[in-house]
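Reader: Hey, can we go through this one together? I'd like to start with the charged side chains.

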Amino acid sequence: LTLQESGDEYWYPDTGATNNIVASDENLENKQTYSGSESVMVGNSKCLPISHVGDLQVNIQGTDFILKNSLHVPKIAHNLISVGRFTSDNDCIFEFTPSEFVIKDHKTRTTLLRGPKTSNGLYPVQVKTRSSDDIKKGCVAQQINKVRGSYEEWHRRLGHANRNIVSLLNALSYISINSPISKKVCEHCLIGKAHKLQFPLSSFHAAKPPELLHMDVWGPAP
């Protein structure tokens, strides 16, 4: 059989593989150098060395999965998904039909995703790996987006950010504003940017000079 799809985004499910196998260690979490004596035997009977072991967070058609104890084998031609380990780590069902593959939730039997079978008899899975930073950013964005509020509330939550910043974040869907953006000036921003407090109001009126003097104290001066 010939693997027609190329590139790291296509993985191939393997019911005979004991571990997931990846050609690149990029985004591999909990990565450890492999110190064992085992290797990976491929179809031409060659044994490929294992460099590292780690976990991968992946996204398949919008659904997140984890690939635990994945083997980093730099010389592997294509990434492989261990069906047995994948179903155990993600508590799911991996089904193969004459025309497609289907992944279902084990408890609810809900279909999570499906993909076609190619003309050469393989079931390529388009996988996107995710770094830990991407996952953290995505979680933060999702949590923030769940919290709705007025412009004034988001202005305060974001440390009194200016109107342009708040408007941009709202346009990019990083925050959710449920009211028109106000043009009212924030009193706290004015006080925070002031160099001195305003002069107190006075009811005194001078009848003749120099009963009331306004002086600017500075110096020394000639």
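Reader: So what do the side chains of E100 and R114 do?

Author: They meet in a salt bridge, 3.0 Å from N to O. By salt bridge I mean a side-chain nitrogen of Lys or Arg within 4 Å of a carboxyl oxygen of Asp or Glu. The pair links distant parts of the chain, with E100 in strand β10 and R114 in strand β11, 14 residues apart. Strands here are DSSP runs (E, at least two residues), and helices are runs of H or I with at least four, numbered from the N terminus.

Before we go on: this is a predicted model, where local features need pLDDT of at least 70 and side-chain atom pairs count only at pLDDT 80 or more, while totals for chains, interfaces and linings use all residues. Residues are numbered from 1 along each chain as its sequence is written, and side-chain values use heavy atoms, leaving out hydrogens and water.

Reader: How many salt bridges does the structure hold?

Author: It holds 3. One of them joins K104 and E95, with the closest N and O atoms 3.4 Å apart. D25 and K31 also meet in one, at 3.0 Å from N to O.

Reader: OK, new topic. In what order do the strands of the open sheet come?

Author: The order is β9-β10-β11, 3 strands with antiparallel pairing. Two strands pair if DSSP finds at least two bridges between them.

Reader: Why is one side of β9 and of β11 left without a neighbour?

Author: Because β9 (92-96) and β11 (111-116) stand at the edges, each with a single partner strand.

Reader: And how many bridges join β10 to β11?

Author: There are 5, with β10 covering residues 100-105. E100 shows up again here, as its bridge partner in β11 is P116.

Reader: What about the helix, which residues of α1 are buried?

Author: V83, F86 and N90 are buried in α1. They cover an arc of only 65 degrees around the axis, so they sit on the same side of α1. That arc is taken from the directions from the helix axis to the C-beta atoms.

Reader: What covers them?

Author: The cover includes β1 (10-14), β6 (52-60), β7 (63-72), β8 (79-82), β9 and β10, where contact means heavy atoms within 4.5 Å.

Terms used: Buried < 20%, exposed > 50% of the residue type's maximum accessible area, 1.4 Å probe, protein only.
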